[in-house]
Amino acid sequence: MQKTEFLNIFKLTRDTSKFPIGGFLFGLLFPIIAWVFDINYNDYSFIWDNVVEMHLNNPIHFVIDLIPIILYGIAFKLSKIIEKDQNEYITEIKEKDDTISKNALFAKKIGEGDFSISKEDIDEEDILGNSLFLMRDNLLKSNKKETEQNWITEGKDKISTILRIHNDISELAYETLIYLIEYINVIQGAFYIYDDESKKLVNVATYAYNRKKYMNQEFKIGEGLIGQAAYEMDTVFRKEIPDYYVTITSGILGNEKPSNILIVPLISDEKLHGIIEFASLKNDITDLKIKFVEELSEIIARTVFNLKVSAKTEKLLKDAQEMTEELKENEEELRQNAEEMRATHEELERSNEKLESKIQEVENAQKRQHSLLENASEIIYIYDEQQKLKYVSPSVTNILGYNPEEMMKGKDFDRLTLRGESDLKKMFKTLLENPEEAHTIQYTYMKKDGQKIFLETTGRNLIHDPAINGIILNSQDITERKRAETEERMKSKMQALSENSPDMIIRLNTTGQFFYANPIVKIFTGIDTNDVIKKTIDEVNFDPQITNFFKESLKQIKQSKQKLNTEFTFPTNFGDRIMQVNSIPEFSEEKDLETILFVAHDITERKNIELEIQEKNKKITESINYAERIQGSILPDTKYIQQYLNKSFIFYKPRDVVSGDFPWFFKKEDDLYIAVVDCTGHGVPGALLSFIGYFILNNIVDHEKSYSAGEVLDLMHASVRKTLKQDRADASARDGMDIALCKINLQKMELDYAGAHRPLCYLQNEELKEYKGNRKAIGGIPYGKKPEKDFINYHLKLKEGDKIFFFSDGLPDQIGGPQKRKYMASRIRDIIVENADFSMIQFSNYFSRDYKKWTGDNKQIDDVLLIGIEF
């Protein structure tokens with residue numbers, strides 16, 4: 001701030017000290033004028049007695065005499081308010097000046113490459129400072145990423161050179177290993193080539209180890225860490241390996257155990273070609289080094305593959321040459337043997353004719369035996385002493401779904417449960433210990449089609465029999481037998497349950513004959529169950545209503561063959577009872593209707609409660625609907641507001657019948673007040689708060705004095721807290737409201753805005769500006785002992801064509817869209833900017849359609865209110 005501005009503020013502050021004296025002197029004019037007028041009018045002489053008589057005859061003089069004192073007090077209060085505002089303004093200007101200076105110094109340090117400033121040195125509300133701090137972090141990240149990428153590129157270039165100049169795999173492996181050990185700064189390494197013929201990983205290069213001990217190392221797939229990396233075809237990285245961890249077998253574990261081990265497979269076209277292994281005595285194998293080695297692994301793998309192919313091609317050429325020479329030497333010998341072969345050929349043909357007849361007989365016998373085994377009702381297994389399957393009969397395909405070849409590959413144990421596998425192994429053990437005794441077990445097995453069945457297996461030890469020479473198992477499917485046993489048990493349980501059930505349970509066949517009735521039937525009807533069972537509907541002396549119900553239900557189920565659920569009023573020994581009756585059709589295995597099971601449950605008490613609840617809900621609904629009519633009658637609608645702001649719209653969607661969000665409008669002379677108010681909650685609680693907010697706003701604005709938008713919110717904040725008794729020391733309710741309030745003067749083309757948690761979007765010349773409200777609500781209990789700040793009043797000069805938008809949080813918080821996310825305030829701003837040339841009617845239609853499409857089948861979570869105005 002410049003010096004002259006400080007002097008002007010100081011001068012204004014100093015001059016306010018004269019306000020009380022000026023007010024008092026100005027106030028003296030009123031009693032002097034009144035006295036002079038009364039003296040002249042009544043022709044008094046100016047003496048004290050006449051002055052007293054004048055006051056007694058006209059008491060208004062006592063009031064007029066107080067005017068100097070009143071004006072003195074008003075002027076004194078006004079001078080104090082002005083002095084306080086000027087002091088706060090000076091303090092705010094100094095704080096902003098300090099912030100600007102600090103940000104300038106921060107920017108200078110960033111430009112000079114000094115990034116040492118701390119996040120704690122920056123205020124959370126300092127937008128520029130936080131942006132500079134974010135820029136500093138991004139510069140650091142970019143610099144680090146570029147350095148790492150350059151390091152990787154440099155290493156790749158060197159390795160590519162090594163790979164190009166070497167044609168021998170051993171030399172290439174050693175040179176590559178030495179360079180990588182030096183480049184990634186480790187002290188130990190090994191290079192393994194995958195031998196396709198032996199299916200092993202062979203060590204071809206080592207570094208810093210005893211060569212005699214480690215030079216000829218080989219690993220199978222899955223063996224040790226080397227084999228594990230090869231099996232999984234993925235990088236293995238271990239760090240901080242304890243000294244006692246002896247179960248890990250690594251190709252480079254020497255006299256001293258390393259702290260880090262990195263094993264990377266060499267893979268190309270999804271094929272394994274080798275392994276490279278590194279170790280360090282320090283924990284210095286970083287993620288960057290791992291990434292570098294992994295990126296190189298495919299390049300090295302392709303080179304190794306090409307060298308292996310070249311070596312194999314050379315070997316095949318050499319072998320072909322040797323075979324050609326050998327064939328030439330054997331050609332003469334073959335010619336001599338040809339004559340002998342012709343002589344023996346005729347003899348073989350005669351022998352073949354005899355063999356073919358014998359073979360045909362054997363094949364016919366085998367086909368008969370196979371057909372018998374294939375269509376047998378049980379499976380025959382033969383195992384050796386080590387429980388290895390030697391034979392399985394063809395019937396396994398019909399019973400289990402697997403062919404014999406699949407069973408020989410392990411399906412005999414793979415599809416067992418843990419218990420079944422344990423029982424089978426125990427049976428093998430028992431048969432080996434007691435070969436004279438047969439042993440039988442039952443277990444479950446999962447068929448090829450996923451169906452679970454029960455098998456019963458009997459085992460016999462026939463190892464001593466030369467024809468069998470093994471343990472023979474005979475298995476048969478007992479699923480149906482198990483199901484029958486289970487059904488029998490379930491019937492017994494159901495019988496016990498129905499006997500003790502509080503419901504009335506009856507079973508009828510399709511001709512109307514009773515098969516079963518539980519004891520509750522006698523309690524409800526007074527007829528003994530013995531007089532019901534094995535009799536028809538007409539033969540039992542039921543009440544006619546009950547008889548007709550059974551006949552009608554039986555008729556309907558015969559036609560539909562579907563379960564029937566009805567409510568029926570049963571005449572009972574203790575009055576009419578409302579019964580919920582489930583009529584359940586029961587079918588035979590051939591899907592024919594056999595019987596109908598009736599289960600009747602007494603729901604009389606529940607029905608009475610439901611009727612009582614319905615009556616209460618009806619009264620509550622009527623009350624809420626009446627509240628909606630009251631709320632709708634006092635709130636302004638779009639047509640009323642358009643009388644004064646013809647280019648405007650209101651997008652209003654209460655979540656419930658009544659709303660906690662409401663639009664507010666008030667006209668006072670040339671000033672138009674309009675607001676979006678969002679009360680705590682929604683529905684009835686929100687509506688109650690909305691009435692409080694509506695009438696408090698009316699009382700504040702409907703006053704002789706004209707308040708700015710910020711002053712209206714200050715007064716509203718105090719009034720809401722007082723109304724809800726939140727200004728007391730024992731207050732606990734934090735209810736309140738958010739608001740965006742605008743004061744508009746169309747004659748002067750001016751707008752005042754103030755907000756509590758709600759912003760104003762101002763569109764001018766297709767450029768959108770957002771004015772954020774104060775970060776506090778109207779009402780509620782302040783946090784901490786820090787005094788609250790007044791609401792900020794923004795004063796804007798309007799131009800023709802300018803547009804403003806303000807809304808409650810129900811719109812941005814609505815969940816929807818393909819990813820079930822919030823609508824977001826940023827989406828609202830984007831719609832306004834992208835459609836800046838829209839009229840208010842077009843904006844209204846667009847937001848209505850977009851909100852409906854966004855919400856879709858999701859539930860509306862809050863009241864929605866959006867107001868748009870074009871000037």
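This is a predicted model: local features need pLDDT of at least 70, side-chain atom pairs count only at pLDDT 80 or more; totals for chains, interfaces and linings use all residues.

Residues are numbered from 1 along each chain as its sequence is written, and side-chain values use heavy atoms, with hydrogens and water left out.

**Stop 1**

The structure holds 32 aromatic pairs. Rings of Phe, Tyr and Trp (its six-membered ring) pair if their centres lie within 6.5 Å; planes under 30 degrees apart count as stacked, over 60 as edge-to-face and the rest as tilted. Select Tyr 183 and Phe 292. They form a tilted pair, 5.3 Å centre to centre, with 40° between the planes. Tyr 183 lies in helix H7 (residues 169-183) and Phe 292 in helix H10 (residues 287-374), so the pair ties together parts that are 109 residues apart in sequence. Helices (H or I, at least four residues) and strands (E, at least two) are DSSP runs, numbered from the N terminus. Are these two rings, Tyr 183 and Phe 292, buried or exposed? Both Tyr 183 and Phe 292 are buried. Buried means under 20% relative accessible area, exposed over 50%, and partly exposed in between (1.4 Å probe, protein chains only).

**Stop 2**

Now select Trp 664 and Tyr 673. This aromatic pair is also tilted, at 6.4 Å centre to centre and 50° between the planes. Trp 664 and Tyr 673 are both buried.

Colour the two sides of E19 separately. One side carries Asp 671, Tyr 673, Ala 675, Val 677 and Cys 679, the other Leu 672, Ile 674, Val 676 and Asp 678, and all of these are buried.

E18 and E19 run antiparallel, joined by eight bridges. Two strands pair if DSSP finds at least two bridges between them. The bridge partner of Trp 664 in E19 is Ala 675. E18 and E19 form a hairpin with two residues between them, and Glu 669 in the turn has a positive phi of about 55°.

**Stop 1: the largest cavity**

A search of the whole structure finds three cavities of 30 Å³ or more. On a 1 Å grid over the protein atoms alone, a cavity is a set of points where a 1.4 Å probe fits but cannot get out; lining residues have an atom within 4 Å of a point. Grid points are joined across faces, edges and corners, and a volume is the space filled by probe spheres set on the points.

Select Tyr 381, Tyr 383, Met 407, Asp 412, Leu 416, Leu 424, Tyr 443, Tyr 445, Leu 455 and Leu 473. These line the largest cavity. About 70 Å³ of space lies in the largest cavity. Strand E7 (378-383), helix H12 (404-414) and strand E9 (439-446) each supply at least two residues of its lining. The lining of the largest cavity divides into nine nonpolar, no polar and one charged. Here Ala, Val, Leu, Ile, Met, Phe, Trp, Tyr, Cys and Pro count as nonpolar, Asp, Glu, Lys and Arg as charged, and the others, Gly among them, as polar.

**Stop 2: the second largest cavity**

Select Met 504, Ile 505, Ile 506, Phe 549, Phe 550, Phe 570, Val 581, Phe 598 and Ala 600. They line the second largest cavity, which has a volume of about 40 Å³. Which strand gives the most to the lining of the second largest cavity? E12 does, with three residues. The lining of the second largest cavity has nine nonpolar, no polar and no charged residues.

Next, show Phe 514, Phe 542, Phe 549, Phe 550, Phe 568, Phe 570 and Phe 598. They form one aromatic cluster.

**Stop 3: two loop residues**

Select Met 749, in the loop between E20 and strand E21 (750-756). Its phi is near 55°, a positive value in a residue other than glycine. Finish at Glu 766, in the loop between strand E22 (760-764) and strand E23 (767-771). Phi of Glu 766 is near 65°, again positive. At 61% relative accessibility, Glu 766 counts as exposed.

How values were computed:
On a 1 Å grid over the protein atoms alone, a cavity is a set of points where a 1.4 Å probe fits but cannot get out, and a pocket is an open set with protein on both sides within 12 Å along at least five of seven lines; lining residues have an atom within 4 Å of a point.
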